[in-house]
Amino acid sequence: MANSALEIVGLLLTLIGLIGTAASTGMPMWRVTAFIGENIIVFETRYEGLWMNCFRQADIRMQCKVYDSLLALPPDLQAARGLMCCALALGGLGLLISLVGLQCTSCIENNDRAKRLVLIIAGSMIIMACICVLIPVSWTGHVIIRDFYNPLLIDAQRRELGEALYIGWVASAFLLFGGCMFVCCNVQSEGNKSERYVYSRTSDYMGYPPQPLQPQQLMIFPQQQPQPMLSRQPSTNYSYHSRYPSVRSGVAYL
């Protein structure tokens, strides 16, 4: 029962992490314009994401434009595209596989070891998705911080950390906790492994109350005396005693 509750918690954490990963992938707020020193023009803000860059002016809605060329992007954004897509694929597939191995589902019946193996595989895929999210988010954050303190760059070229990076870090934490719950709750050593017996609810059986034992009357059968067997050959066995001598014994005496 405890493992079943932990599996549900791990499933919810994975789902939240997957939603956060999808939001971070689609949001254009990976890099935001930094206002430093005398740059006090706050009427226009520029956002740079994985798929588009956007401009937002005061009291005007945001206008976005999709990148014309993939090769024109910085190396960190190019790698972030592929890794975030891999994270979404691994997280979604791991979430679907985990539904098969949950104890509250009946996809795999009467095979507890197979269910544990399925959940371990699903948890490993979710942890790999967490790594795929953490690498591009941390890499992009490192590049932004490095360029921010680079004295060779002017203030207009410097950027700040966007909201999508923070969402990506939080989503990777949710994915990590969800994957670890699936793995740690189902990894058991072979020596301490306990077998579970699952009984189907549809099995037809009926319980009978215990019947008291009643004493049975013993029956004694009389033993029958062995009957002598007649034979044409002279017998040398004279252990049978009789009151009257037989004809054969008289002939033998004569």
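**Reading the cysteines**

Tutor: In this predicted model, Cys54 and Cys64 are joined by a disulfide, with an S to S distance of 2.0 Å.

Student: Which rule decides that a pair of cysteine sulfur atoms is a disulfide?

Tutor: The two sulfur atoms must lie within 2.5 Å. By this rule the structure has one disulfide.

Student: What is the handedness of the disulfide of Cys54 and Cys64?

Tutor: Handedness is read from the torsion about the S-S bond. For Cys54 and Cys64 that torsion is about 105°, so the disulfide is right-handed.

Student: Which parts does the pair tie together?

Tutor: Cys54 belongs to strand E3 (residues 52-57), while Cys64 belongs to strand E4 (residues 63-66), so the bond links parts that are 10 residues apart in sequence.

Student: Is Cys54 buried or exposed? And what is the relative accessible area of Cys64?

Tutor: Cys54 is buried, at a relative accessible area of 0%. Cys64 is partly exposed, at 42%.

Student: Which cysteine sulfur is closest to that of Cys184?

Tutor: The sulfur of Cys180 is the closest, and at 5.3 Å it is too far for a bond.

Student: Is Cys184 buried or exposed?

Tutor: Cys184 counts as exposed, because its relative accessibility is 58% and the cut-off for exposed is over 50%.

Conventions
Residues numbered from 1 in each chain as written. Predicted model: local features only at pLDDT ≥ 70, side-chain atom pairs only at ≥ 80, totals over all residues. Heavy atoms only, no water. Helix = DSSP H or I, 4+ residues; strand = E, 2+ residues; numbered from the N terminus. Buried < 20%, exposed > 50% of the residue type's maximum accessible area, 1.4 Å probe, protein only.
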